[in-house]
Amino acid sequence: MGDTTPATPTAPEIATVGVVGGGLMGSGITEVAARAGLDAVVVEVTQDAAEAAEKRVRDSLAKAESRGKITGQEVNEVMERIRFTTDLGLLADRDLVVEAASEREDIKLALFERIGAILEKDDAVLTSNTSSIPIVKLGAISGRADRVMGVHFFNPAPVMQLVELIPSLTTSEATLERMQTFVTKALGKQPIEATDRAGFVVNSLLVPYLLSAIRMYEAGYASAKDIDRGMVLGCGHPMGPLALSDLIGLDTIRAIGISMYDEFKEPLYSPPPLLDRMVDAGLLGKKSGHGFYAY
Ligand code: 3HC
């Protein structure tokens, strides 16, 4: 007689993904998922924003095609795997949802409450691409805290290898293992694990550095160009801190700095006045056409 012990049920492989927010990060994550062969739904707040998200993915794929990384036919196949919508209800059948909305706690809490109620599959995993908002709070409001965790990508997501995995106090071991497998096997990225504290590993080191460069520029130590050249030529960074701030988005850096300051009360995390003024003026970096540089 064979062994009649029931096998431990294993969660099915993740085949369908939902991405909430099709901005810089959301569109990049969508591209990564669709290029890995997954079916993707991107939810935006307005039709215009959904179309802008589609254009972002198309432009990035066109760049990849022009570099010979992907064929024209593959570009079409990738685009066919993605639906862009304003209907959050289309997330119902997803195996995994990645929330990549604005870095604001009120927005994310409202989304996690709604998405938690929408997801139909019991084993669906709900994640946030936040870099600074407590995962434990997002889990609690979703009503499925054991299947919620942080999965933090880096910009540009199609190029950057790293993904930070952030289980909260309430995330189950099975959810963490599932995301480890997904990130490495399905997406081909390299994970590191971090504790649920604002900034995780990378932004805890990067954000005070970027804010220090902004303070240095604000105080007139050196020109933006020379600050950046200093770090590129002197330290071998691929780009200087002000150009990188423009790439990430000045509103995003400001929001992360505020969350990190709220958590630790460390003055180095506090956004300098120049950053506040630039964000108020709509100078958000590359995405708005102007930041420390003009694009
Ligand atoms: N999509 C697909 N491929 C892209 C791409 C995109 N959007 N952008 C660049 N690439 C590819 C190019 O095809 C090229 O590949 P190849 O060398 O094999 O031909 C390679 O990436 C390099 O691109 P480029 O030659 O166009 O440009 P650069 O050499 O100037 O590199 C860069 C651009 C990859 C952005 C590089 O400057 C870099 O690594 N900068 C630092 C980025 C960084 O630090 N990101 C992390 C930000 S922090 C974050 O995201 C966390 C958040 O919470 C704030």
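The model is predicted.

**Backbone features**

- Pro 156 sits in a loop. That loop joins strand S6 (148-153) to strand S7 (162-167).
- Phe 200 is not a glycine, yet its phi is positive, at about 50°.
- The place of Phe 200 is the loop between strand S8 (190-193) and helix H7 (202-218).
- Phe 200 has a relative accessible area of 7%, so it is buried, the cut-off being under 20%.
- Lys 265 is another residue other than glycine with a positive phi, here near 55°.
- Lys 265 lies in the loop that links helix H10 (250-264) and helix H11 (273-280).
- The relative accessibility of Lys 265 is 52%. Exposed means over 50%, so Lys 265 counts as exposed.

**The largest cavity**

- The largest cavity holds about 40 Å³ of space.
- Two elements give two or more residues each to its lining: helix H1 (24-35) and strand S4 (96-99).
- H1 gives the most to this lining, with three residues.
- The lining residues are Val 17, Ile 29, Val 32, Ala 33, Leu 96, Val 98, Phe 153, Phe 182 and Leu 187.
- By class, the lining of the largest cavity has nine nonpolar residues. It has no polar and no charged residues.

**The second largest pocket**

- Helix H6 (residues 173-186) supplies the largest share of the pocket lining, eight residues.
- The pocket lining divides into 10 nonpolar, four polar and six charged residues.

- The axes of H1 and helix H2 (residues 47-66) come within 9 Å and cross at roughly 55°.
- That angle makes H1 oblique to H2.
- H1 passes H2 in a right-handed crossing.
- The axes of H10 and H11 also come within 9 Å, and they cross at roughly 130°.
- This makes H10 oblique to H11.
- The crossing of H10 and H11 is left-handed.
- The loop between H10 and H11 is where Lys 265 is found.

**Residues and distances**

- Ser 245 belongs to helix H9 (residues 241-248).
- Ser 245 has a relative accessibility of 0% and counts as buried.
- Ser 245 and Lys 286 are 41 residues apart in sequence. In space they are 8.9 Å apart, C-alpha to C-alpha.
- Gly 249 is in the loop between H9 and H10.
- Gly 249 is buried, and its relative accessible area is 0%.
- Gly 249 and Cys 235 are 14 residues apart along the sequence. Their C-alpha to C-alpha distance is 23 Å.
- Val 136 lies in helix H5 (residues 135-142).
- At 30% relative accessibility, Val 136 is partly exposed.
- Val 136 and Val 148 are 12 residues apart along the chain. Their C-alpha atoms are separated by 8.3 Å.

How values were computed
Residues are numbered from 1 along each chain as its sequence is written. This is a predicted model: local features need pLDDT of at least 70, side-chain atom pairs count only at pLDDT 80 or more; totals for chains, interfaces and linings use all residues. Side-chain values use heavy atoms; hydrogens and water are left out. Helices (H or I, at least four residues) and strands (E, at least two) are DSSP runs, numbered from the N terminus. Buried means under 20% relative accessible area, exposed over 50%, partly exposed in between (1.4 Å probe, protein chains only). On a 1 Å grid over the protein atoms alone, a cavity is a set of points where a 1.4 Å probe fits but cannot get out, and a pocket is an open set with protein on both sides within 12 Å along at least five of seven lines; lining residues have an atom within 4 Å of a point. Grid points are joined across faces, edges and corners, and a volume is the space filled by probe spheres set on the points. Ala, Val, Leu, Ile, Met, Phe, Trp, Tyr, Cys and Pro count as nonpolar, Asp, Glu, Lys and Arg as charged, and the others, Gly among them, as polar. Axes are lines fitted to C-alpha atoms, for helices over the stretch in contact, and angles run from 0 to 180 degrees between N-to-C directions. Angles under 35 degrees count as roughly parallel, over 145 as roughly antiparallel, 65 to 115 as roughly perpendicular and the rest as oblique. A crossing is left-handed if the near helix is turned anticlockwise from the far one by less than a right angle, and right-handed if clockwise.
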